[in-house]
Amino acid sequence: MRLVANAAALLVIAPLVLPLMPASASAEPTNMTTVSITHSLFIFTNNSVVAKWSATDDRVMGGVSRSRLRFDPKGHAVFEGVMSLEQNGGFASVRADVMPPPFEKPTHYVVEVRGDGKRYKLNLRMSGRFSGESYQATFMTVANEWSTIAIPVGSFEPTFRGRRVRDAPPLNAELVDQVGLMISDQQDGAFELAIRKVAVELR
């Protein structure tokens with residue numbers, strides 16, 4: 001399944017089905033082909049990749065949520081834990097440093113995940129930004145089903161401690177040097193998000 005997410009809505013894009021052309025019809029060239037370049041930031045095929053990630057939960061603010069990213073021998077990572085609203089808590093997250101993509105103007109961030117039906121966020125930070133903003137985009141998961149979700153770069157909103165920062169510049173994907181996953185939005189309880197890869201795409 002291929003999903004496209006943005007800040008305003010989460011849309012499921014149906015597969016493109018083209019009608020079959022009769023054998024007698026002339027096969028004229030069309031402009032239907034879309035060329036894309038994909039650069040993988042993380043492919044979770046071994047524990048050494050997972051070891052680059054660390055947890056940052058609401059415990060830093062007095063909460064009691066907890067999370068981790070662990071390696072599953074089946075060949076993917078699992079972002080799991082318990083998100084709690086106790087003691088003014090309400091988020092759990094993992095993050096890792098990353099090298100900026102090797103090409104100009106990436107258009108989408110792509111994650112391949114198997115969720116539990118809950119909402120998650122992909123968090124990005126830009127190099128040279130010392131004011132603490134993270135750029136977030138929310139995506140929905142389908143329980144027990146692998147999905148590839150493409151999030152347009154323009155859908156990431158600058159936030160600080162969960163609130164929108166209105167005077168921050170838009171995300172520049174060429175400067176992103178940290179990637180993270182988060183669960184929040186009052187979704188207390190256990191969670192589990194399996195993830196195969198995080199990538200950027202140029203279309």
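1. Ser67 is a residue of strand β5, which covers residues 66–72. The model is a predicted one, and in it Ser67 has a relative accessible area of 13%. That value puts Ser67 in the buried class, because buried means under 20%. The side chain of Ser67 has a polar contact of 2.7 Å with the side chain of Asp57. A polar atom of the Ser67 side chain also lies 3.3 Å from the backbone oxygen of Ser93.

2. Asn123 belongs to strand β9. Its relative accessible area is 11%, so Asn123 is buried. The side chains of Asn123 and Gln136 are joined by a polar contact of 3.4 Å.

3. What is the count of aromatic pairs? There are eight aromatic pairs by the rule applied here. One of the pairs is formed by Phe79 and Tyr120, with 6.2 Å from centre to centre and 65° between the planes, an edge-to-face arrangement. The edge-to-face label follows because the class takes planes over 60 degrees apart. Phe79 is in strand β6 (residues 76–83) and Tyr120 is in strand β9, so this pair ties together parts that lie 41 residues apart in sequence. Phe79 and Tyr120 are both buried. A cluster linked by ring pairs contains Phe79, Tyr120, Phe139 and Phe191.

4. A charge over a ring should be noted separately from the ring pairs. The charged end of Arg196 sits over the ring of Trp146, at 3.8 Å from the ring centre.

5. Ser147 is in strand β11, residues 146–152. Ser147 has a relative accessibility of 4% and so counts as buried. The C-alpha atom of Ser147 is separated by 8.4 Å from that of Gly115, and the two residues are 32 residues apart along the chain.

6. Two residues deserve a look for their backbone angles. Most residues other than glycine have a negative phi. Asn144 has a positive phi, near 60°, and is not a glycine. Asn144 is in the loop between β10 and β11, and with a relative accessible area of 69% it is exposed. Gln186, also not a glycine, has a positive phi of about 65°. The place of Gln186 is the loop between β14 and β15 (189–202), and its relative accessibility of 59% makes it exposed.

7. Glu104 is in the loop between β7 and β8 (108–114). The relative accessible area of Glu104 is 59%, so the residue is exposed.

8. Asn46 is in the loop between β3 (37–43) and α1 (47–50). Is Asn46 buried, exposed or partly exposed? At a relative accessible area of 31%, Asn46 is partly exposed. Its side chain has a polar contact of 2.2 Å with the side chain of Ser48. A polar atom of the Asn46 side chain is also 3.3 Å from the backbone nitrogen of Val49. Asn46 and Phe71 are 25 residues apart in sequence, while their C-alpha atoms are 7.0 Å apart.

9. The last point concerns the largest pocket, whose volume is about 720 Å³. The lining of the largest pocket has 31 residues, and the closest to the pocket centre are Met61, Phe91, Arg161, Gly162 and Met182. Which elements give two or more residues to this lining? They are β7 (92–97), β9 (119–126), β10 (134–140), β12 (157–160) and β14 (176–183). By residue class, the lining of the largest pocket has 15 polar, nine nonpolar and seven charged residues.

How values were computed
Residues numbered from 1 in each chain as written. Predicted model: local features only at pLDDT ≥ 70, side-chain atom pairs only at ≥ 80, totals over all residues. Heavy atoms only, no water. 1 Å grid on protein atoms, 1.4 Å probe; cavity = no way out; pocket = protein on both sides within 12 Å on 5 of 7 lines; lining within 4 Å. Points joined across faces, edges and corners; volume = space filled by probe spheres on them. Helix = DSSP H or I, 4+ residues; strand = E, 2+ residues; numbered from the N terminus. Nonpolar A, V, L, I, M, F, W, Y, C, P; charged D, E, K, R; others polar. Phe/Tyr/Trp six-rings, centres within 6.5 Å; stacked < 30°, edge-to-face > 60°. Buried < 20%, exposed > 50% of the residue type's maximum accessible area, 1.4 Å probe, protein only. Lys NZ or Arg CZ within 6 Å of the ring centre and 35° of its normal. Polar contact = N/O pair within 3.5 Å; in protein donor to acceptor, adjacent residues only side chain to side chain.
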